[in-house]
Amino acid sequence: MRIVDVQALYLRLPEIQARTDSSQDALLIRIETDAGVTGWGEVDGCPAVAKAIIEAPMSHTLVTGLRTLLIGEDPLDTTRLWHKMYQSTLYYGREGAVIQAMAGIDLALWDIKGKALEQPVWKLLGGRFRDKLRVYSSNMFQFTPEATADRVRKAKDNGFTAAKFGWEPFGKDLKSDCAYLEAMRRAAGDNFDLMLDVGLIWDATTTIHRARHFEPFDLFWIEEPLHPDDLAGYGRVSTAITQRLAAGEEECTLRGFSRLIDEGGIQLAQIDLTRCGLTQAMRIADYAHSRGVLVANHNFTTDINTAASLHFLAAIPNALVLEYCVEPSEISRNLARNPFKMQDGYMAVPDEPGLGFEPNMQTVEKFLVRSK
Ligand SMILES: [Mg+2]
């Protein structure tokens, strides 16, 4: 079987807003083979940039667009092709956008591998440790404590057993932050996990001080209080606070995660499959496991990310929970022919060959940005 085409499909809502989930635009990867098997992947990064990285022609052996590297290759060779893409982009890659573009391609290759071998991806990753994942409802903070508490009640009513809230207006000052967490905990009751995503806005001293005052609210984790480059700060925070410290969604490489784990001392590594790819995510999860660190996914995009996350978290021993964004755009809501559904707080791991995602082509056509 050979790869005959790699397409980067840029989908975009007519209007883009600053505050929403990340699926108001999306970059889907579609890989075709000469055997008629098609694989789907996704990149959560800057869609136009990732598309250019895929479509760029070869400049020389260390600066090559990804598509040209893959045409004629065997799509089952996921590890070798990851290495080929990495080596052939050394001068402009190794981190960020190039790795994100490679990640989307890697997901599509795993989808092809599963379909061609008639196995779900979790089976090809080495088998599953669980057949369902506990799901948490992932939200933005609302603009008052009561409106945020309403979201907690809604999550509970919908069957979730955990919810996360993130970003502004949280983080401004201690008094307002405690008012939010108090209202949320009151709405949640005792048997419901609450997670906090600070949104990269504090320094280590502020984080340690706030975390001490947040202890009565029994947070399941505190996520990304600091800028991702402040590894020394993460190191200070992780030894000083009693809550679990989570981070990683900006990282695209094993190198990035190993520094967050070893220097930053995080206890939960949050891996975005549409930024790391399955091939590399398995290595990151292995490394985390060897350091006693738990793993969750990061997912603020479409059902392709959800599908990849389900297979990945099923296939590693140190998975904690599945992130599921409850603020989907029209693209995200309507992209899958059979959207993944949460039931009683859990999501089932797909058993279909491949990733178990099939696109609704009407949605793809409706939001596709056509090149001029
Ligand atoms: Mg986050």
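## Packing of helix 6 against helix 7

In this predicted model, Pro145, Glu146, Thr148, Ala149, Val152, Arg153 and Lys156 of helix 6 are in contact with Ala179, Tyr180, Ala183, Met184, Arg186, Ala187 and Ala188 of helix 7. Sorted by class, the residues of this contact comprise nine nonpolar, one polar and four charged.

Helix 6 covers residues 145-157 and helix 7 covers residues 174-188; the two pack at an angle of about 30 degrees, and their axes are 8 Å apart. Angles under 35 degrees count as roughly parallel, and helix 6 and helix 7 are therefore roughly parallel to each other. The crossing of helix 6 past helix 7 is right-handed.

The peptide bond joining Glu168 and Pro169 is cis, with omega at about 10 degrees.

## Division into domains

Two domains are assigned in the protein: domain 1 spans 3-119 and domain 2 spans 124-348. Their C-alpha centres lie 25 Å apart. Across the boundary, 26 residues of domain 2 are in contact with 33 residues of domain 1.

On the side of domain 1 that touches domain 2, at least two residues each are supplied by strand 2, strand 3, helix 3 (78-87) and helix 4 (96-117). Helix 4 gives the largest share of that side, with 12 residues. By class, the residues on the side of domain 1 that touches domain 2 are 13 nonpolar, 13 polar and seven charged.

Strands pair in a sheet through backbone hydrogen bonds, in either a parallel or an antiparallel sense. Here, an open sheet is formed by three strands in the order 1-2-3, with antiparallel pairing. Strand 1 (3-12) and strand 3 (38-43) are at the edges with a single partner strand each, so one side of each has no neighbour in the sheet. From one strand to the next, the twist averages 20 degrees.

Nine bridges connect strand 1 and strand 2 in the antiparallel sense, and Gln7 is placed opposite Arg30 of strand 2. Strand 2 (residues 25-33) is joined to strand 3 by six bridges, and this pair also runs antiparallel. Within strand 3, Gly41 is the bridge partner of Ile29, while Thr38 stands opposite Glu32. Strand 2 and strand 3 form a hairpin with four residues between them, and Gly36 in the turn has a positive phi of about 80 degrees.

## Helix 1 between the sheet and helix 4

Helix 1 (residues 47-55) lies across strand 1, strand 2 and strand 3, and runs at about 165 degrees to strand 1. Helix 1 also packs with helix 4, at an angle of about 75 degrees and with the axes 9 Å apart. The range for roughly perpendicular is 65 to 115 degrees, which makes helix 1 roughly perpendicular to helix 4.

The contact involves Val49, Ala50, Ile53 and Ile54 from helix 1, together with Ala97, Val98, Gln100, Ala101 and Gly104 from helix 4. Seven residues of this contact are nonpolar, two are polar and none is charged.

## Helix 3 and helix 4

What angle do the axes of helix 3 and helix 4 make where they cross? The axes cross at roughly 160 degrees and come within 10 Å. Since angles over 145 degrees count as roughly antiparallel, helix 3 and helix 4 are roughly antiparallel to each other. Helix 3 passes helix 4 in a crossing that is right-handed.

From helix 3, Thr78, Leu81, Trp82 and Met85 meet Met102, Asp106, Leu109, Trp110 and Lys113 of helix 4. This contact of helix 3 with helix 4 is made up of six nonpolar, one polar and two charged residues. In the loop between helix 4 and helix 5 (121-124) lies Glu118. Glu118 is not a glycine, although its phi is positive at about 55 degrees.

Conventions
Residues numbered from 1 in each chain as written. Predicted model: local features only at pLDDT ≥ 70, side-chain atom pairs only at ≥ 80, totals over all residues. Axes fitted to C-alpha atoms, helices over the stretch in contact; angles between N-to-C directions. Left-handed = near helix turned anticlockwise from the far one by under 90°. Contact = placed C-beta atoms within 7 Å. Nonpolar A, V, L, I, M, F, W, Y, C, P; charged D, E, K, R; others polar. Pairing = 2+ DSSP bridges. Domains from an automatic or database assignment.
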